[in-house]
Amino acid sequence: SIPFEEWPEEIQKGHIYNPEEAEALLDAAGYPRDADGIRFKTKLMHLERFDLNYAELAASYWKKIGVDVEVEVTPAAAWGPRRKAQEYEMTSNDTAYAVSMQWAVSIMSGFTTDGVNSSVNDPTYDAMHAAAAAATTVEERNRLVPDLVMYALEQYWTIYGHLLPQFSVNQPWLIGYNGEMI
């Protein structure tokens, strides 16, 4: 992963909480506040196993800039198919990721045109991802992945939150599993 402090300043600027700038962008995009102070309403399809407090906190930030976000807690059995079919307005994910450059290519495949659950269609990104995935050495992949990550961040396809603590509970009869999550 690439620490926020190492991102280019212009990319950092776009990922810092700045309600005044957000208000200006929404105004410029043609979403003025109505008499009730709301620009528009939307729903966040939130996977029930993830921390609801975090989703509600994010919705409160959106509310401050005039976007009324209803958090729709969704069971996993419905969340997966709806996400795959892109039947949502906004959707949550579990957390930001702190991973190696090797693993980043796999995670970043979600933004490719044919990626699982992807609503992105960007030939430039697809080519960058294909090159990183085809890298034959660790050094080559470590050189390509930062550009891939920064390109995705510049597109604002997702808003990353902070890393959240996670846990896994397993039964003692589960043999050969050591808590691996990814």
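A residue is termed buried when its relative accessible area is under 20%, exposed when that area is over 50%, and partly exposed in between (1.4 Å probe, protein chains only). By this criterion, buried residues make up 29% of the 182 residues in the protein. The structure is a predicted model, in which local features need pLDDT of at least 70 and side-chain atom pairs count only at pLDDT 80 or more, whereas totals for chains, interfaces and linings use all residues. Residues are numbered from 1 along each chain as its sequence is written, and side-chain values use heavy atoms, with hydrogens and water left out.

Secondary structure was assigned from DSSP runs numbered from the N terminus (helices: H or I, at least four residues; strands: E, at least two). The protein contains seven helices and three strands, arranged along the sequence in the pattern α-α-β-α-β-α-β-α-α-α. With contact defined as heavy atoms within 4.5 Å, residues 24 or more positions apart account for 66% of the contacts with a separation of 6 or more. Accessible areas come from the Shrake-Rupley method with a 1.4 Å probe, and for residues only the protein chains shown count as cover. The accessible surface of the protein comes to about 11,900 Å², of which 56% belongs to carbon and sulfur atoms.

His46, in strand 1 (residues 40-47), counts as buried at 3% relative accessibility. Beyond four places in sequence, His46 touches Asp51, Leu52, Ala55, Val71, Glu72, Val73, Thr74, Trp79 and Ser92. Val73 belongs to strand 2 (residues 67-74) and is partly exposed, at 45% relative accessibility. With residues up to four places away again not counted, Val73 touches His46, Glu48 and Leu52. The C-alpha atoms of Val73 and Leu47 are separated by 6.0 Å, although these residues are 26 residues apart along the chain.

Asp122 occupies the loop between helix 5 (101-108) and helix 6 (123-133). This residue is buried yet has no salt bridge, a salt bridge being a side-chain nitrogen of Lys or Arg within 4 Å of a carboxyl oxygen of Asp or Glu. Lys and Arg count as positive and Asp and Glu as negative, while His and the chain ends are not counted; the nearest side chain of opposite charge to Asp122 is that of Arg83, 17 Å away. A polar contact of 2.7 Å joins the side chains of Asp122 and Tyr151. Such a contact is a pair of N or O atoms within 3.5 Å; within protein, one must be able to donate a hydrogen and the other to accept it, and residues adjacent in sequence count only if both atoms are side-chain atoms.

Most residues other than glycine have a negative phi. Gln86, which is not a glycine, has a positive phi of about 55°; this residue lies in the loop between helix 4 (76-84) and strand 3 (90-91) and is partly exposed at 39% relative accessibility. Tyr156, likewise not a glycine, has a positive phi of about 60°. Tyr156 is found in the segment after helix 7 (138-155) and is partly exposed, with a relative accessible area of 43%.
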